[in-house]
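Work through the exercises below with the sequence and the 3D structure at hand. Try each task before reading its solution.

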Amino acid sequence: LQENGKTVCLYIDVSAETDLSGLNSGALLASFGLHLSRALKDSGIENALTPNDVESLKSARTQLKHFAYGKTEQVWVADEEFDEPPDDYDDYEPGHFVTQTTPGKLKPPFPTLHRELEDIRSPLSFFITTLRSHGLDTVVVFDGLDRLITPDRFWTVVHQDFRLLRKLNVAVLAAAPLSVLYGAGRPISEHFDRVHHIAALQISPGKTMKLRSVLTQRGAHDLLQKTEMDRVCKGSGGVLRDLISLARDAGEMAYLDGSDDVKPTHVRTAVTQLGQAYLRGLSTDQQKELRRLAKTGTFDISSQTNAELLVTRRVLEYSATGFRVHPALQQVMKPSK
Amino acid sequence: MSDFSTQPPFDIGRRIEIRGSDAYSWLVVLRSQAPESAGPEDFAHELEAILFKPVRVASAQGLPLGEIRRRLEFPPDDVLILWGFESYTAHDWEALDIHRAALIRPGTVVLWLSPVALRDLCANAPNLRSFIGGSIFALSPTGDVMSGEERSERIRELEAHYDLKTAEVVELATARKLPPEPEFVEWLVLIGRGDLV
């Protein structure tokens, strides 16, 4: 996107920049604003601005900084005044007025934007408009939001911020948790124009070419015979991180054994180790569901237990109906009684 | 005992060594529950003897995330053993999991965990678990899983190979005249004299 010369593309790994566990609206906008400000500086456009625009830019940067990092200021607070009731006012009843609101019946489809988010709209808009006047559209990629595993946590963090970004005509790409595709999370995915699911790669016999090419690119053919490479591919379930971790672990075992190449036993041990890591922390209900899937091939994605198994990659989805227990986990699961 | 592969500190050290100093690697060492078992400091000393470089030990107990991050970042490239996760709740693990990207550093991180803490990590921190992969190793109560017989056998091999007796190796090490080969370090660790390395 950046290379086409018509876009400013910002990559933001949110979890590395802010504490998402507090579930604060505005955190994404603050990160976005800071990156945008930096991008404008790097673009050299600032040098061509009029003196008025330079002033506006300065003010926008200050507002943004305050929004992102907060501010401390002195404010005037009037002393509290207290009126004694007159002595001859017999009907006086102590008390004070409170504000009462009766909610209307016609609720807006989306809650109104928080006031502080509206406040940041103007400085963000200034940056975006300045870039657009030089033929540059803004695209932002938010990484790390998939770690907010449950759909409600994800939505709490993103919904207000993404709405404002949409109003500002900023294209947003976000890594979302798998849970937005299933059950209670499904309505969330409908708020996005498009949802792309990055599924595990195929591990069926004859279909491991992509996985093997990843290993080959990393020099695995020096240590792994074709058969061992296939075993690593199969044990990974098509999950790239597991693929690389298994190949590395098997190689380490061969090294510790003093072997010149990776033997079947090294791959087996590496797969077992990975399977044990997946097995640890599973509840009895989850284990029951896994055994059911392994035995019958049926998997109800609307259940909360099963959604968790998918999100934590203990169950892998190869197609809309093709679910399988992660092969490394299946290897260490005890058969049902 | 654990279902995970049991590894002596020497092998864990060699794994860390071959992964390199910028491997962005995380692993778990599952500590023994026995009261006399080795602690993270003992384990760090063994690793130092194997890796020939300092190994830092830091407690995560009661620390906010920002503080843990600071311990990981300064410095970012040494081998760091993090312990003190026993009081971690599901919420604490979830918070750590969400911020996995913020915890990434070039140097190796060893999480020193009890079996219960490992279970909680696996249940509540799937991203962190995926990062660790199968690099979970169990230590025996003495911090060494080689049986007495295996240990004696390995010492006999070393004695035959170098045509030296163990007592002579101790003498050479005491006099700081021991050759720098890693096998001599292993030898000293095997006889419980890692202090001479």
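**Exercise 1. Count the aromatic pairs over all chains, then classify the pair of Trp26(B) and Phe131(B).**

Solution. 
- Step 1. Apply the rule: rings of Phe, Tyr and Trp (its six-membered ring) pair if their centres lie within 6.5 Å. Planes under 30 degrees apart count as stacked, over 60 as edge-to-face and the rest as tilted. Over all chains, the count is ten aromatic pairs.
- Step 2. Take Trp26(B) and Phe131(B): the ring centres are 6.2 Å apart and the planes stand at 55°, so this pair is tilted.
- Step 3. Trp26(B) belongs to strand 1 (residues 26-30) of chain B, and Phe131(B) to helix 7 (residues 126-132) of chain B, so the pair ties together parts 105 residues apart in sequence. Helices (H or I, at least four residues) and strands (E, at least two) are DSSP runs, numbered from the N terminus.
- Step 4. Check burial. Buried means under 20% relative accessible area, exposed over 50%, partly exposed in between (1.4 Å probe, protein chains only). Trp26(B) has 4% relative accessibility, so it is buried. Phe131(B) has 16%, so it is buried.

The model is predicted: local features need pLDDT of at least 70, side-chain atom pairs count only at pLDDT 80 or more, and totals for chains, interfaces and linings use all residues. Residues are numbered from 1 along each chain as its sequence is written, chains are lettered from A and ligands numbered from 1 in the order in which they are written, and side-chain values use heavy atoms, with hydrogens and water left out.

**Exercise 2. Describe how helix 2 and helix 5 of chain A pack.**

Solution. 
- Step 1. Get the geometry. Helix 2 (residues 27-43) and helix 5 of chain A have axes 8 Å apart, at an angle of about 45°. Axes are lines fitted to C-alpha atoms, for helices over the stretch in contact, and angles run from 0 to 180 degrees between N-to-C directions.
- Step 2. Name the arrangement. Angles under 35 degrees count as roughly parallel, over 145 as roughly antiparallel, 65 to 115 as roughly perpendicular and the rest as oblique. Helix 2 and helix 5 of chain A are therefore oblique.
- Step 3. List the contact (heavy atoms within 4.5 Å). Helix 2 of chain A brings Ala27(A), Leu28(A), Leu29(A) and Phe32(A); helix 5 of chain A brings Val157(A), Val158(A), Asp161(A), Phe162(A), Leu164(A) and Leu165(A).
- Step 4. Sort by class. The contact of helix 2 with helix 5 of chain A holds nine nonpolar, no polar and one charged residues. Ala, Val, Leu, Ile, Met, Phe, Trp, Tyr, Cys and Pro count as nonpolar, Asp, Glu, Lys and Arg as charged, and the others, Gly among them, as polar.
- Step 5. Follow Phe162(A): with Phe142(A), Phe154(A) and Phe192(A), Phe162(A) forms one aromatic cluster.

**Exercise 3. At what angle do the axes of helix 11 and helix 12 of chain A cross?**

Solution. 
- Step 1. The axes of helix 11 (residues 284-296) and helix 12 (residues 304-311) of chain A come within 10 Å and cross at roughly 80°. That makes these two helices of chain A roughly perpendicular.
- Step 2. Asp285(A), Gln286(A), Glu289(A) and Leu290(A) of helix 11 touch Thr305(A), Asn306(A), Glu308(A) and Leu309(A) of helix 12.
- Step 3. This contact of helix 11 with helix 12 of chain A splits into two nonpolar, three polar and three charged residues.

**Exercise 4. Where do Arg313(A), Asp163(B) and Pro75(B) lie?**

Solution. 
- Step 1. Arg313(A) lies in the loop between helix 12 and strand 4 (315-317) of chain A. Its phi is positive, about 60°, although Arg313(A) is not a glycine. Arg313(A) is partly exposed at 30%.
- Step 2. Asp163(B) lies in the loop between helix 8 (148-162) and helix 9 (166-174) of chain B. Phi of Asp163(B) is positive too, near 55°. Asp163(B) is exposed at 68%.
- Step 3. Pro75(B) lies in the loop between helix 3 (65-73) and strand 3 (79-83) of chain B. The peptide bond from Phe74(B) to Pro75(B) is cis, with omega near -5°.
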